[in-house]
Amino acid sequence: MEYLGQINETSYLSVPNAPVYRKIMRCFYREYEKMNFQLYKEDVFALLKQDEAFENYSMEQLVLDLDALVKWKNLTPIQDPGRVYTIADYKNKQYQYTMSEYAVEIERLTVRLETVFLESGNLSTNFFVRLEKSLSEVPEMERASMKEVNEWWSMLQEDFKRLNQNYQDYLRDFYSGKSDQLMKSVEFVVHKDKFIQYLTEFVQEMQRHSHRIEQILIKNLPIMEGIILDKVVQSELDIPHAILELQGNAEPGIRENVEGKWNSLKNWFLDSDKRECECKKVLKITNDVIRSIIQNAALIVQIQNWGISRKDDYKKFLELFLKCKDLDEAQRLSAHVFGVQRIQHFKTIYPREEDSINNSIYEEESAGFLLKPHTRNYREKKDRRGFEDKSLEKMIQREAYLRQAKRQKEIVMQYIKDHKIVFSEIREPVTEETRTVFLQWIAQANMNSQKLGRTEYGQEYRLIRGKEDCVLKCEDGDLVMPAYILEFEES
């Protein structure tokens, strides 16, 4: 909870006078990028005056605003004794101002937020190649110097960070409200093939490289976690940092950071006991995006087709056909309306009046054939007329079924002797229905680890398998099966 407290350094972003404070901090940040780390108030005032919005801005206002930024710990004042020439100057305390670490990161964030919509992620597979190459160098790092290990680790983490951010930024756009609206527009249909090809190529390359990276990680895992991570921590400790030296022992924090980054990289490509790897999640998300693009494109085309109605045109053409004087005129009209036809020949077993092969189809008598669509969604029209009462037929069928079930139960119970059914001792042929009941009981008990089962008549039994096989004689043949014994509990 110590890291979840209020961050005073961000106060200048949301106060009523935020535009002025942000302009001052932006001036400091631009100079910071030019390696001008310390500025006097006169320098800041000159930079502000370059903006027309600060034409009436005074030095007194600037001093008050600088004090507020110092209070929020965005700026750190450093007294400059070299610029004191009078007692009044000493009392006024001429300061140089420098940005705090938090302030630098906050300004970087604001700059990034201003360009977040101009920059877009990409699904470049080049990072997979670089990660694969870096991870294959793990055995070499065992004999490398601390400086080489630190450079190798920094490059590995930078590539992994770029890979993570790029795919997240790119796929995030497909789940935003604007992209969802765009994918449902007619203009998107033109570009859908380009998106699908781009995503498909990424999926294929990712599957190929991720499998190789997974094998490399599994192979080098003992060396990496046993030796290399310790060398990485030591290489970070060998770099002198003024802040870390003042804080004392920095090894626990650095080790936690290094191990956390390594676990993130490892969990990206390797499955764990609790969750699947991030790589598989990316594949699922990408496949969902491709599926969504195809569905939206198909829906748009379908909606466009719905908007076209040819009903009036067809009525006009039918009127013209009815006014034709003869078949020749009707054929000319058909050629004009429908163009060249794709003729399909069908062979039927319908009897012909003549056997001549030279007759035209127009000289034959017409015949009618009922055609049904060959689609999965086709359903014949239901007869919506009333239905007759079949309660008597259902009752007769039910009584017949119950009599058959009772008769089958009596037949099966005849084979139970001394609370057992020994299949090797059955000599007379059994019916097909009886054999089916026996096999169902055997299968039910075999699916139980304790070889227990319950019949449909409520009897509990245990399945015992003999050492040899037996032959169960049936009315439709002989069944070779293990010498099973069904042992029923006494009730």
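Which residues does Asn74 touch, not counting residues up to four places away in sequence? They are Glu9, Tyr12, Met25, Leu69, Thr98, Met99, Ser100 and Ala103, where contact means heavy atoms within 4.5 Å. The model is predicted, so local features need pLDDT of at least 70 and side-chain atom pairs count only at pLDDT 80 or more, while totals for chains, interfaces and linings use all residues. Residues are numbered from 1 along each chain as its sequence is written, and side-chain values use heavy atoms, with hydrogens and water left out.

Asn74 lies in the loop between helix H3 (59-71) and strand S2. Helices (H or I, at least four residues) and strands (E, at least two) are DSSP runs, numbered from the N terminus. With a relative accessible area of 0%, Asn74 is buried; the term means under 20% relative accessible area, with a 1.4 Å probe and protein chains only.

S2 belongs to an open sheet of 3 strands, in the order S1-S3-S2 and with antiparallel pairing. Two strands pair if DSSP finds at least two bridges between them. Strand S1 (39-40) and strand S2 (75-79) are the edge strands, each pairing on one side only. Between S2 and strand S3 (residues 95-99) there are 5 bridges, in the antiparallel sense, and Pro77 stands opposite Tyr97 in S3. Helix H1 (residues 18-33) packs on this sheet and touches S1, S2 and S3. The direction of H1 makes about 80° with that of S3; axes are lines fitted to C-alpha atoms, for helices over the stretch in contact, and angles run from 0 to 180 degrees between N-to-C directions.

Two packed helices are described by the angle between their axes and the distance between the axes. For helix H14 (residues 311-322) and helix H15 (residues 327-338), the axes come within 10 Å and cross at roughly 160°. H14 is therefore roughly antiparallel to H15, a term for angles over 145 degrees. In their contact, Phe317, Leu320 and Phe321 of H14 meet Ala330, Leu333, Ser334, Val337 and Phe338 of H15. By class, this contact has 7 nonpolar, 1 polar and no charged residues; Ala, Val, Leu, Ile, Met, Phe, Trp, Tyr, Cys and Pro count as nonpolar, Asp, Glu, Lys and Arg as charged, and the others, Gly among them, as polar.

A hairpin links S6 to S7 through 2 residues, and Asp469 stands opposite Pro482 in S7. S7 (residues 477-488) also pairs with strand S4 (residues 420-422), in the antiparallel sense over 3 bridges. There, Val422 stands opposite Ile485 in S7.

Definitions and conventions. Parallel < 35°, antiparallel > 145°, perpendicular 65-115°, else oblique. Buried < 20%, exposed > 50% of the residue type's maximum accessible area, 1.4 Å probe, protein only.
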